[in-house]
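Thank you for making time this morning. I would like to walk you through one model, and I will ask you to keep the structure in view while I talk.

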Amino acid sequence: DWVTQCRKRNLDGLEQMMSGLEKLNLKYIPSEANFLLIEVGDGQAIFNSLQQLGIITRPMSENLKEFVRISIGTEEENLKALTALKQVIA
């Protein structure tokens, strides 16, 4: 039951994040994991800006330098991440 609940929460979070990213016109790599790779342009700069807002992401290697990796969180955490992304992308 616990694993089923965790998977459902993650799926709900993925759907929330993907919907929010689409509203921000940000491309992402579809996922069934607990994170998304989001195309943001200068991944390192966006990583730095998000960190200043308290959002911890992962910048990617040279091959994917235009992406950041964002883990799926709670509904509130996802909303906070989307709001911060909107702010730093603008």
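If we set aside the neighbours within four places in sequence, Thr-57 is in contact with Phe-47, Leu-50, Val-68, Arg-69 and Ile-70. Please bear in mind throughout that this is a predicted model. Thr-57 belongs to the loop between α2 (43–52) and β3 (58–59), and with a relative accessible area of 5% it counts as buried, because the cut-off for that word is under 20%.

Arg-69, one of those contacts of Thr-57, also lies over the face of Phe-35, at 3.8 Å from the ring centre. As for pairs of aromatic rings, the structure holds zero.

Which residues of α1 are buried? They are Asn-10, Gly-13, Leu-14, Met-17, Met-18, Gly-20 and Leu-21, and, seen down the axis of α1, the buried residues fall within an arc of 160 degrees, so they line one face of the helix. The cover over these buried residues includes β1 (28–29), β2 (35–39), β4 (67–71) and α3 (75–89), whereas on the other side of α1 we find Thr-4, Lys-8 and Lys-23 exposed. Finally, just after α1, Asn-25 takes a positive phi of about 55 degrees.

Terms used. Residues numbered from 1 in each chain as written. Predicted model: local features only at pLDDT ≥ 70, side-chain atom pairs only at ≥ 80, totals over all residues. Heavy atoms only, no water. Helix = DSSP H or I, 4+ residues; strand = E, 2+ residues; numbered from the N terminus. Buried < 20%, exposed > 50% of the residue type's maximum accessible area, 1.4 Å probe, protein only. Contact = heavy atoms within 4.5 Å. Phe/Tyr/Trp six-rings, centres within 6.5 Å; stacked < 30°, edge-to-face > 60°. Lys NZ or Arg CZ within 6 Å of the ring centre and 35° of its normal. Arc of directions from axis to C-beta.
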